[in-house]
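Q: Can you walk me through this model? Keep it quick.
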Amino acid sequence: MEETTLNNTIHIKLTEKFGEKVTAISEPYGLLTFVAYKDVIVNVLSHLKEELKFNFLTDITAVHYPGKDHGIAVVYHLHNMVEKVRVRIKVFISEQNPTIPTATTVWKGANWMERETYDLFGVKFEGHPDLRRILNMDDLGVHPMLKQYPLEDPNRVDKKDEFFGR
Amino acid sequence: MNHNHPVFTDNDPQSELVTLNLGPTHPATHGVFQNVLQLDGERIVSGVSTIGYIHRAFEKIAEHRPFYQITPLTDRLNYCSSPINNMGWHMTVEKLLNIQMPKRVDYLRVIIMELSRIADHIICNTIIGQDTGATTTFLYLFQFREHIYEIFEEVCGARLTTNIGRIGGFERDFNEIAFTKINKFLKEFPIALKEFENLLTRNRIFIDRTAGVAEVTKETALEYSWTGPLLRATGVDYDVRVSDPYSSYQDFDFEIPVGTSGDIYDRYLVRNEEMWQSLRIIEQAIVKLKTEPKGIFHADVPEFYLPPKQEVYNNMEALIYHFKIVMGEIDAPKAEVYHAVEGGNGELGFYLINDGGRTPYRLHFRRPSFINYQMFAPMSEGMLLSDAIINMSSMNIIAGELDA
């Protein structure tokens with residue numbers, strides 16, 4: 001119950017500040033989730049950090065939804081350790097030109113999280129001090145977590161999805 | 001092009017700097033870590049970390065596996081405390097499916113998770129001792145890690161990569177031998193841990209090597225998203241077990257030790273105290289188990305919990321559920337869920353997006369080692385090389401979790 005009131009307050013404060021730029025607010029499993037526009041994301045993050053006391057950046061990652069207009073979602077998880085509440089922010093960006101401003105200006109710890117996201121999804125974080133691959137080798141050439149890259153050799157005949165009810 | 005072998009811009013022929021490749025297979029780093037260090041004498045001027053040597057693309061593999069086949073992947077994240085990873089994953093799925101767990105299962109899980117936390121901290125603290133020159137402590141306490149593994153072996157049959165438990169509980173009940181071994185451990189380990197502390201905690205040489213080395217303020221630690229014992233050593237009392245209780249941790253009475261300066265000595269003290277607190281939790285769990293109905297080791301969720309084999313062959317419902325689980329014909333809600341547990345090194349998070357299919361649409365591991373390690377190179381600047389080595393040991397970076 002308490003969590004819902006907290007979430008409501010955060011919701012109200014965010015819409016007051018950013019209006020239309022912050023939309024689609026939902027609460028799956030009690031975790032306040034909203035979608036922000038790319039041009040305000042750094043403002044949203046620093047507003048959450050400075051004003052609403054979300055002092056801790058838990059995680060940055062991305063999700064690929066192929067075929068959509070804005071096919072890549074960059075997902076931020078923030079944590080307010082004092083009031084024990086978490087929040088999730090999603091930014092949908094285009095697959096052809098996956099750029100987004102960096103969050104390293106808000107948290108230094110965003111550095112490697114963004115490098116990992118760049119490595120796996122090809123999201124280019126503008127203004128990142130050191131944006132290069134981190135887990136994979138430099139000359140890999142692809143961003144392997146994108147859905148168009150299959151896990152295994154597609155020519156194998158013994159692992160067809162239809163045999164497994166997939 | 002090749003960023004992994006950075007060329008330093010300072011090409012002054014008068015410069016006395018030496019480039020040292022620390023790793024990827026240096027015996028002092030206890031794992032596959034490469035750091036290209038610029039040294040001025042014994043002092044580190046700058047460093048570049050290269051990671052990814054054992055990257056196995058777990059997030060990609062997980063997108064092609066049904067939920068119950070992802071458990072063995074989580075084993076291989078932090079392989080020093082794999083049961084925590086296993087159960088963290090199970091609890092994520094249970095949260096997604098809204099499964100109510102019986103208290104007895106929660107307590108059994110707590111026992112196993114705290115045992116693996118002790119095993120994890122034993123490794124870290126004894127290795128700090130080892131790297132400062134105290135081999136005795138390493139050999140002395142390490143046998144208790146073996147005793148913990150014997151308990152795991154009794155419960156699930158495996159030792160290191162445990163694959164312990166199932167979605168919805170355990171695959172079998174703890175037997176009498178397991179409880180005997182746990183009780184034996186509870187009796188013997190405090191004596192050894194006390195002796196370990198006597199050897200190190202007030203040891204002049206140990207204090208000289210660790211106190212005041214690699215100090216981190218709590219502001220910096222939070223800025224770099226540190227969690228776990230490293231963050232607590234700086235003085236922030238953040239522990240997922242308390243701030244976001246899972247698996248009935250709210251039923252237990254325990255304390256969260258915090259340090260003050262965040263140096264290596266504080267990290268050592270915090271980990272030691274956490275072992276004592278873990279012992280307290282296990283003792284309470286053993287007592288609580290006595291009041292719970294015997295023989296319950298999984299939740300009543302036949303749609304997700306694999307039935308025992310003899311029932312599959314003799315009972316129609318069990319056969320149907322077995323078929324549906326294995327062939328992936330059971331619907332899970334289309335939803336996204338984030339669940340965090342307190343791993344050996346900090347907040348281990350699972351971000352799961354399910355689209356109703358047989359496999360996760362996306363699964364992301366928030367790996368504490370990965371996030372903690374990014375500060376290693378910046379904080380090594382100005383440090384002595386030998387201090388950087390113990391700094392790395394005290395951060396307890398596990399290569400499997402670092403590279404996923």
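Q: How do α4(B) and α11(B) pack, at what angle and how far apart?
A: α4(B) and helix α11 (residues 264-291) of chain B pack at an angle of about 155°, with axes 9 Å apart. Axes are lines fitted to C-alpha atoms, for helices over the stretch in contact, and angles run from 0 to 180 degrees between N-to-C directions. Helices here are DSSP runs (H or I, at least four residues), strands are E runs of at least two, and both are numbered from the N terminus.
Q: Which orientation and which handedness is that?
A: α4(B) and α11(B) are therefore roughly antiparallel; the cut-offs are under 35 degrees for roughly parallel, over 145 for roughly antiparallel, 65 to 115 for roughly perpendicular, and oblique for the rest. The crossing of α4(B) and α11(B) is left-handed, meaning that the near helix is turned anticlockwise from the far one by less than a right angle (clockwise would be right-handed).
Q: Which residues make the contact?
A: From α4(B), they include Y107(B), I111(B), L115(B) and I118(B). From α11(B), they include Y268(B), M275(B), I282(B) and L289(B). Contact means C-beta atoms, placed from the backbone, within 7 Å.
Q: What is the class make-up there?
A: The contact of α4(B) with α11(B) has 14 nonpolar, four polar and six charged residues. Ala, Val, Leu, Ile, Met, Phe, Trp, Tyr, Cys and Pro count as nonpolar, Asp, Glu, Lys and Arg as charged, and the others, Gly among them, as polar.
Q: What sort of model is this, and how is it labelled?
A: This is a predicted model: local features need pLDDT of at least 70 and side-chain atom pairs count only at pLDDT 80 or more, while totals for chains, interfaces and linings use all residues. Residues are numbered from 1 along each chain as its sequence is written, and chains are lettered from A and ligands numbered from 1 in the order in which they are written.
Q: And α4(B) against α5(B), what angle?
A: About 160°, for helix α4 (residues 103-131) and helix α5 (residues 135-156) of chain B, with axes 9 Å apart. α4(B) and α5(B) are therefore roughly antiparallel too. Their crossing is left-handed.
Q: Who touches whom there?
A: α4(B) gives, among others, I122(B), T126(B) and G129(B). α5(B) gives, among others, F138(B), L141(B) and I148(B). By class, the contact of α4(B) with α5(B) has 14 nonpolar, five polar and one charged residues.
Q: Is G129(B) buried or exposed?
A: G129(B) is buried, with 27 other C-beta atoms within 10 Å. Buried takes 20 or more such atoms, exposed 12 or fewer, and partly exposed lies in between, with C-beta atoms placed from the backbone.
Q: What does G129(B) touch?
A: A134(B), T137(B), F138(B) and L200(B), not counting residues up to four places away in sequence. L200(B) is 71 residues from G129(B) in sequence, yet 7.6 Å away, C-alpha to C-alpha.
Q: Switching topic. How many residues does each chain give to the contact between A and B?
A: Chain B gives 39 residues and chain A gives 32. On the side of chain B, the elements with two or more residues are α1 (58-62), α8 (218-223), β4 (335-342), β5 (347-354), β6 and α14 (368-373). That side has 15 nonpolar, twelve polar and twelve charged residues.
Q: Where is R366(B), and what does R366(B) touch?
A: R366(B) is in strand β6 (residues 362-366) of chain B. R366(B) touches T58(A), D59(A), E347(B), L348(B), G349(B) and Y351(B), leaving out residues up to four places away in sequence. R366(B) counts as buried, with 23 C-beta neighbours inside 10 Å.

Definitions and conventions:
Contact = placed C-beta atoms within 7 Å.
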